Amino acid sequence: MKAKALSVKECTWMSEECHLVDEPHGNTQRISLCLPNIFRSKKVKPFTRSIPAYQVYYTARELLLEVLDRGAVRELIRRPAGVKAGAARPSYSQSREQSTELSEEEYVEVLTWFSIVLQSGLSTGDNSSFGSELTLNLDGWQGVLKGNSFQTILLSLTRLNEGDKLDTLSAFCGHLTRRYQTLYTPGPNLAVKKYQLSYQQGPSSLYLALLCDISSGFICNMYLYCPEQLQKQSRKPVVEQVVTHLLRPFCSCTHLVQLDTSASMISNLAHIFSGFGVKICFAPTVEEPSTETTSSSPPAMPDQHQQTPEDSLSHPVAHLGGWTGPALFLSSEMKGLEDVFLPGLWVALHVICINTFVLHSRQSQGSGRHVHLTQFTRNLASQLTSDSSITVPVLPRLNSSSYQETRLSNRSKQSYGQVMENEKRGCSSAVGLLGWNIPGVCGLDNSGNSCYLNAVIQCLCSTVPLVEHLLNKDTRQQLARSKCRVAEVFVRLLQEMWLGRSSSCAPVEARSVLCSILPQFNNYSQQDAQELLLSLLNALHDDLKKVAKHSMHFSTQQDQNRNCATAAGESTVVSHLFEGQLSYMTLCMHCDHQGNSTQTFTVLSLPIPTRTKCSIQDCLSLFFEHTILTGGEQMLCSVCGLRRETTVLTCLEKAPEILLLHLKRFGCKGKNQVKLRTNVLFSMKLDLNPFLSSSVQSTLYSSYCLYAVVNHIGHLNMGHYTALCHNTLTRTWHCFDDSTVREEQDNLVQSPNAYLLLYSRKPFQKPKISGL
């Protein structure tokens with residue numbers, strides 16, 4: 001076992017990185033297919049220009065474990081399955097090929113491996129004495145490291161080919177970036193910086209590129225690459241490929257991105273990225289680091305003395321010029337330092353520590369407390385596995401201004417001790433729910449801006465009558481015979497969410513099938529959850545109609561209790577549950593002639609009054625208020641034979657079993673699209689009696705219970721969807737933020753971000769599902 005000091009030094013772009021490759025290498029078809037991915041973002045997030053206002057204090061350990069979670073480790077250990085034949089494989093990684101679960105013991109071993117090395121700390125600049133100190137600190141840990149099974153995983157990874165190693169690092173870093181996007185929103189001024197990795201023996205062939213928030217020192221995105229590898233993949237200049245990768249999650253955010261002047265050899269670089277909503281400018285960031293730091297950084301953290309090199313470690317952006325940190329290698333891997341995986345892994349862990357330092361420092365600004373980076377990382381590493389339980393509270397965005405998120409975070413912080421006690425007793429946690437197994441409570445992985453899909457699926461998964469019907473044995477057999485793609489895939493997903501044993505799953509198949517029949521969703525752009533919900537229900541309805549018609553050929557008796565189909569085969573469980581009917585009475589203002597018509601609906605899109613706060617009843621009243629059609633909207637009167645001013649009275653003729661309410665938050669103001677941020681107050685109970693027609697007015701039809709909410713944060717093109725759903729088994733609410741799940745108190749369901757509300761006329765009971 002060898003310990004080395006890994007130096008990360010800022011450097012310039014080489015001339016060969018700034019020019020087109022003369023002859024493309026490899027599969028050019030594969031390259032062309034990857035070009036549309038420039039717009040791909042793994043997770044959409046809100047964007048704000050204001051400097052974050054940190055409202056809740058979290059320990060450094062909580063911050064680090066929120067990023068270096070089980071998902072990050074899985075991105076590493078699922079790769080050894082690709083090791084060439086004959087190479088050794090880790091004993092427990094073989095099971096990962098069939099399962100993505102990671103046990104508590106395995107996760108602790110990974111954290112132990114990391115903490116042993118990182119306890120030597122990080123140092124800004126080039127610390128030449130760092131290596132000898134690191135070797136001494138490892139002497140007492142040799143026995144622990146040899147017995148650590150995660151070491152076998154790393155051995156397998158170092159035997160991958162260079163391309164697979166870089167893919168593994170990219171997946172690992174991509175996961176870390178997505179986790180940070182849920183914690184921090186960068187300011188408008190960013191910088192792309194390139195770094196050379198080196199040891200005492202010499203430089204590595206691996207380079208690091210960072211996208212940094214130059215006002216805080218926060219690292220928004222990272223990319224580990226070998227220039228030669230990128231030149232084999234595409235004719236595009238290396239600089240363009242690297243900057244493209246870094247800016248993917250931040251397109252259309254109107255960022256000003258600073259780049260070293262050595263990259264200006266690509267004359268059209270600024271023009272290339274102008275179409276992505278970012279502006280490139282060039283500055284001598286490497287040649288004059290002190291000038292750059294002074295001009296772009298906020299005042300240093302409080303200090304009573306004149307700054308010395310050691311004191312400068314507390315400066316929030318000092319690390320952007322480079323740093324030195326620990327790296328651990330097996331003796332066989334140190335020959336020539338050709339390997340790129342291990343240095344890439346360790347520098348990614350350095351970034352985690354640095355970002356934890358930045359977040360922790362910024363949230364405690366104004367307290368008069370500060371600590372140097374070296375001491376901070378040493379303390380952090382020593383605390384990493386100090387607790388017997390590694391489950392941590394789910395953190396809201398640190399720069400959130402939502403009062404609901406603030407109250408949640410306060411509650412999470414206060415109840416943390418109780419949560420840990422519950423975990424030890426095997427109880428479900430109120431905030432951290434890693435490794436749980438509750439039917440119908442399953443997170444969904446984000447597969448690239450798919451939060452809108454995940455939120456909708458969670459709501460339908462919580463619609464018990466729909467789940468009961470689709471997971472019925474007879475329904476599944478009929479779907480298989482009828483070859484209904486959408487319904488079959490959706491049923492498989494529901495089966496995994498209700499009967500599976502994983503705390504999260506990936507709806508990749510469901511998304512692929514939906515995109516094939518709904519081309520408007522076949523991209524990685526932000527989409528409207530309400531539009532997807534309607535489209536998905538229509539697709540399910542069409543498939544179930546096929547099932548009903550197919551079954552009529554094999555059976556003369558229909559199961560009316562499950563609403564499988566009417567004799568005509570036009571009604572399905574979807575229409576039975578979600579369809580309602582509006583009645584319109586029109587009155588000619590000239591001759592008083594009355595006309596009546598009806599319209600079937602699935603979702604009621606409600607206008608929102610233009611004020612800061614209103615109730616859902618106000619929105620319903622606005623929707624059902626009398627309307628006078630004048631001017632170009634006048635209706636043709638059948639009696640007058642002319643277009644006349646007409647009064648329209650709308651009421652609810654038939655109330656659906658499941659009421660879907662859509663709050664119309666998006667509209668246009670001139671040429672600009674705007675979002676109404678009115679806080680619409682809604683209750684757990686909803687009375688529709690004032691809006692029912694006189695023929696159906698009854699408390700039997702008018703009382704509804706809330707069971708799911710879709711929230712939207714941000715604006716239309718840069719936002720994020722989450723879902724809040726009530727589970728009938730536990731009688732508790734859960735918040736679904738893609739793969740992250742947590743319990744939610746009833747009084748925190750109310751949110752100013754509500755976009756879709758789902759009400760049920762009958763309270764749900766425990767679903768009758770075989771195997772549950």
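Colleague: Great, let's start here: where does Thr740 sit?

Modeller: Thr740 is in strand E27, which covers residues 740–744. Keep in mind as we go that this is a predicted model.

Colleague: Is Thr740 buried or exposed?

Modeller: Buried: the relative accessible area of Thr740 is 16%, and the cut-off for buried is under 20%.

Colleague: And which side chain does the Thr740 side chain make a polar contact with?

Modeller: With the side chain of Arg179, at 3.4 Å.

Colleague: Staying around there, where is Asp738?

Modeller: Asp738 is in the loop between strand E26 (732–737) and E27. Its phi is near 55°, a positive value in a residue other than glycine.

Colleague: Buried or exposed, that Asp738?

Modeller: Asp738 is buried, with a relative accessible area of 6%.

Colleague: What about Asp592, what is its phi?

Modeller: Asp592 has a positive phi of about 65°, although it is not a glycine. You'll find Asp592 in the loop between strand E11 (580–588) and strand E12 (594–601). Its relative accessibility is 54%, so Asp592 counts as exposed, whereas Asp738 is buried.

Colleague: OK, helices next. Does H8 have the end-to-end span you'd expect, or what do the numbers say?

Modeller: The numbers agree: helix H8 has 20 residues (162–181), so at 1.5 Å a residue it should span 28 Å, and its end C-alpha atoms are 28 Å apart. Because 15 of its 20 residues are buried, H8 is largely enclosed by the rest of the structure.

Colleague: What happens at the start of H8?

Modeller: There, a side-chain oxygen of Asn161 comes to within 3.2 Å of the backbone nitrogen of Gly163.

Colleague: Switching to helix pairs, at what angle do H19 and H20 cross?

Modeller: The axes of helix H19 (residues 473–482) and helix H20 (residues 485–499) cross at roughly 145° and come within 10 Å. The crossing of H19 past H20 is left-handed.

Colleague: Which residues make that contact?

Modeller: H19 contributes Arg476, Leu479 and Ala480, and H20 contributes Ala487, Glu488, Val491 and Gln495. Sorted by type, the contact residues of H19 and H20 are four nonpolar, one polar and two charged.

Colleague: Now a loop. Where is Cys640?

Modeller: Cys640 is in the loop between strand E16 (635–636) and strand E17 (643–644). With 23% relative accessibility, Cys640 counts as partly exposed.

Colleague: And which residues is Cys640 in contact with, leaving aside its neighbours within four places in sequence?

Modeller: With those neighbours left aside, Cys640 is in contact with Cys588, His590 and Cys591. The C-alpha atoms of Cys640 and His593 are 8.9 Å apart, and the two residues are 47 apart in sequence.

Colleague: Last one: where does Tyr707 lie, and which strand is it?

Modeller: Tyr707 lies in strand E24, residues 703–714. At 3% relative accessibility, Tyr707 counts as buried.

Colleague: What does Tyr707 touch, not counting residues up to four places away in sequence?

Modeller: On that count, the residues Tyr707 touches include Cys459, Ser462, Ile658, His726, Trp733, Leu758 and Phe764. Thr463 is another residue Tyr707 touches, and a 2.7 Å polar contact joins the side chains of Tyr707 and Thr463.

Key
Residues numbered from 1 in each chain as written. Predicted model: local features only at pLDDT ≥ 70, side-chain atom pairs only at ≥ 80, totals over all residues. Heavy atoms only, no water. Axes fitted to C-alpha atoms, helices over the stretch in contact; angles between N-to-C directions. Helix = DSSP H or I, 4+ residues; strand = E, 2+ residues; numbered from the N terminus. Left-handed = near helix turned anticlockwise from the far one by under 90°. Contact = heavy atoms within 4.5 Å. Nonpolar A, V, L, I, M, F, W, Y, C, P; charged D, E, K, R; others polar. Expected span 1.5 Å × (residues − 1). Buried < 20%, exposed > 50% of the residue type's maximum accessible area, 1.4 Å probe, protein only. Polar contact = N/O pair within 3.5 Å; in protein donor to acceptor, adjacent residues only side chain to side chain.
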